[in-house]
Every structure is written in C-alpha cells, then in structure tokens.
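Here is a friendly walk through a few local features. Take a look at the model first, then read on.

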Amino acid sequence: MEKLNTIQKSDKLNDVYRDEPGPGGACSFYVIFHNGSTIYDIGAIKFQKGPRNAPGSRDGVLDEDLLEIVRDRLASFQAGEFACHENAVALHYIEEALMWLNRRKEDRKERGVLGTYQK
C-alpha cells in the first residue's frame with residue numbers, strides 16, 4: 001500500500017493509502033487511516049475492477065457512487081445552518097463532474113462498448 005499524495009496538506013484528519021494500479025492504470029482499493037496511525041483504519045473502498053458484469057471482474061464502488069454521496073452531504077449542509085459559498089461552489093463542480101461521467105457512460109452505451117475495455 002502506498003500513501004496517497006493529497007491536495008490538502010495541513011490539518012488533515014486522515015491518511016489515504018492505495019493499492020497497485022490495475023486495468024487502465026487506476027488503483028481499485030483504498031484504505032483510510034486516522035492521521036498518523038497505521039493500526040486503526042476508518043474505512044476501505046473497493047472499486048469496480050474490470051468491465052461491468054464481465055467474468056473475472058470484481059464488483060465494486062464506482063467513482064459516481066462516491067461523488068453522489070459527497071453531493072448529498074454538501075446539499076444537506078447547504079439546506080441547513082452550514083450553508084456557505086465554498087460548499088455551493090464545490091457542490092456545483094461535483095454535479096458537473098457527475099454530468100460528464102454520465103455523458104461518458106451514455107456515449108459508451110450508444111457505441112456498444114460499455115462494460116468492455118474498448119475505447
């Protein structure tokens with residue numbers, strides 16, 4: 001496992017580690033530890049590894065799943081007492097990211113290459 005080099009450098013609560021890159025060059029397993037600890041993990045995320053519904057692939061979380069969770073959290077904060085400009089901007093870009101990822105999926109579906117390694 002390799003410690004992830006994150007954008008946020010100071011006052012971090014957690015450290016994130018990843019496995020070796022797999023298909024497409026992306027890692028598919030991440031573990032989150034409380035900052036400075038390597039004994040107690042907060043959580044682990046197993047991403048989809050390999051094409052959807054293909055023999056030998058491992059079912060897992062999609063990037064879109066994590067973005068939807070963060071979108072829900074930020075929207076909830078924005079509906080309550082923690083609403084702020086920064087959360088609104090982050091929410092906007094997360095929704096834009098979801099739109100682009102969905103557009104990619106729909107394009108691949110239309111071309112008949114969704115769930116394959118074909119480009």
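This is a predicted model: local features need pLDDT of at least 70, side-chain atom pairs count only at pLDDT 80 or more; totals for chains, interfaces and linings use all residues.

Cysteine 84, at 30% relative accessibility, counts as partly exposed. How many disulfides does a search of the whole structure find? The count is zero. As a reminder, a disulfide is a covalent bond between the sulfur atoms of two cysteines.

| Strand | Partner strand | Bridges |
|---|---|---|
| β2 (residues 14–18) | β3 (residues 29–34) | five bridges |
| β3 | β4 (residues 41–46) | five bridges |

You can pick out individual partners too: arginine 18 has tyrosine 30 in β3 as its bridge partner, while phenylalanine 33 stands opposite aspartate 41 in β4. The hairpin of β3 and β4 has six residues between the strands, and there glycine 36 takes a positive phi near 85°.

Finally, do visit arginine 108, found in helix α2 (residues 85–110). Which side chain of opposite charge is nearest to arginine 108? It is aspartate 107, 6.7 Å away. Arginine 108 is buried yet has no salt bridge, because such a bridge needs a side-chain nitrogen of Lys or Arg within 4 Å of a carboxyl oxygen of Asp or Glu. A polar atom of the arginine 108 side chain does lie 2.9 Å from the backbone oxygen of threonine 116. Beyond its neighbours within four places in sequence, arginine 108 is in contact with Val113, Leu114, Thr116, Gln118 and Lys119.

How values were computed: Residues are numbered from 1 along each chain as its sequence is written. Side-chain values use heavy atoms; hydrogens and water are left out. Helices (H or I, at least four residues) and strands (E, at least two) are DSSP runs, numbered from the N terminus. Buried means under 20% relative accessible area, exposed over 50%, partly exposed in between (1.4 Å probe, protein chains only). Lys and Arg count as positive and Asp and Glu as negative; His and the chain ends are not counted. A polar contact is a pair of N or O atoms within 3.5 Å; within protein, one must be able to donate a hydrogen and the other to accept it, and residues adjacent in sequence count only if both atoms are side-chain atoms. Contact means heavy atoms within 4.5 Å. Two strands pair if DSSP finds at least two bridges between them. A disulfide is a pair of cysteine sulfur atoms within 2.5 Å.
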